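The following paragraphs lead the reader through one protein structure, from the chain as a whole to some of its parts. Please keep the sequence and the model in view while reading.

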Amino acid sequence: MSGGDDGSRRATADGGDEVEPAVDPDLEPEAETGAPKVISAGHINWDVTIHVDELPERDGETRIERLEQSGGGSAANVAVGVVGLGGQSVVFGSVGGDESGALALRELASAGVDPGHVLVDADAPTSVTYVIVDGNGELLMLANEGANESFSAGDLDRDTLADADHLHLTGQAPETAAALATTAAEVGPTRSFDPGRRVTDRGYDAALHAADLIFVNDREADALADVTDIDPRAPDDRVVAVKHGGDGATVHTPHGDVSHPGFDVDAVDTAGAGDAFAAGFLGAALREPEIAADGFTHDPREYQVPLLVANACGAIAAGTVTARADLSWDRVRSIMGESPESDLLIEIRA
């Protein structure tokens, strides 16, 4: 499944090497490679998704075209996505002791995610997010804090972390993210972090520096470059996947970059597209020893297939009514069509 050295090289304008990607990759991992076990830590919400033709003016009114309720929260969304692509998922976070929390946990369990490490805070409500989607698929989100940060790193024992192949962190209390990432670095799992829109105002420096792999969008990448010593587009010692919305994504490594323009899709709801991207990337990359056996490799050629799968999963989510996308290898193949690597551009830095 790895891009590896299957492509031939040709010179680029800046004197580097561009690698012609391989054609017709084997997208679905072999069963004998083993299903990666991922702990996804962060928010677990209950989502109410409201579709309208257009957002109203101030003091205005608009008609609700469709209303859906489902599980949500970035940690939960990634966990479900990883399972859909054949992985094993443990979700770590917190919900309230109310009906919304029970619904969220029940939905996770029915999707094949292990919710046994979720803290139930009987004194707080489950975080409910109202996602308002207009006719162009653009979002307005309203949320309460609820119980989604009641958990702490001490609520997850070291043995559970040591038993995992990977720890994926999403938005949460900075001290919790830092402690989880530090412990994971000590006991073995590789680490990724998708800090979300509050990347610069929550003091995530320690967690960011402990991550082997960071997921951000263009706006978050710009903010990260402004307020930290991490350059997302030319990282010194980690891998950064920068999402460009409908224009695909780029994986930046210390040794070069790989980009893909994404897949055309009629977006109906972009909520959860970034979570699906992360699930797809991890679902592909973690099965490949060349990529993740000892931290994440810095060879950009190895990220050809994970980037393709991630972009396909993001496209699936953008075409899904709620933030919880139904990911599978069959759906990934359907989005990709034939010769999916033909539009990849890989640049190797000297």
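Among contacts in the chain between residues at least 6 apart in sequence, 69% join residues at least 24 apart, where contact means heavy atoms within 4.5 Å. The model is a predicted one, in which local features need pLDDT of at least 70 and side-chain atom pairs count only at pLDDT 80 or more, while totals for chains, interfaces and linings use all residues. Residues are numbered from 1 along each chain as its sequence is written, and side-chain values use heavy atoms, with hydrogens and water left out.

The chain has 10 helices and 17 strands; these are DSSP runs numbered from the N terminus, helices being H or I of at least four residues and strands E of at least two. Of its 350 residues, 57% count as buried. Here buried means under 20% relative accessible area, exposed means over 50%, and partly exposed lies in between, with a 1.4 Å probe and protein chains only. The accessible surface of the chain comes to about 14700 Å², and 43% of this belongs to carbon and sulfur atoms. Such areas come from the Shrake-Rupley method with a 1.4 Å probe, and for residues only the protein chains shown count as cover.

Strand 3 (residues 37–41) runs parallel to strand 11 and is joined to it by four bridges; Val38 has His166 as its bridge partner. Strand 12 (residues 190–194) also pairs with strand 11 in the parallel sense, over five bridges, and Phe193 in strand 12 stands opposite Leu169. Two strands pair if DSSP finds at least two bridges between them.

The largest nonpolar core has 44 residues, of which Phe281, Phe296 and Val332 touch the most other members. Helix 9 (residues 304–318) gives the most to this core, with 10 residues. A nonpolar core is a set of buried Ala, Val, Leu, Ile, Met, Phe, Trp, Tyr and Cys residues joined through side-chain atoms within 4.5 Å. Beyond its neighbours within four places in sequence, Phe296 is in contact with residues including His166, Thr190, Val239 and Tyr303. Another core, of 29 residues, lies apart from the largest one, and among its members are Phe92, Ala211, Ile214 and Ala221.

Charged side chains form a further theme. The structure holds 14 salt bridges, each a side-chain nitrogen of Lys or Arg within 4 Å of a carboxyl oxygen of Asp or Glu. Arg301 and Asp299 meet in one of them, at 2.8 Å from N to O. Arg301 counts as buried because its relative accessibility is 13%, and Asp299 is buried at 17%. Elsewhere, salt bridges that share partners join Asp218, Asp222 and Arg233 into one network. Arg238 forms a salt bridge with Asp237, the closest N and O atoms being 3.1 Å apart, and Arg238 is buried at 4% relative accessibility. Arg198 pairs in a salt bridge with Asp201, with 3.5 Å between the closest N and O atoms; Arg198 is partly exposed, at 42%.
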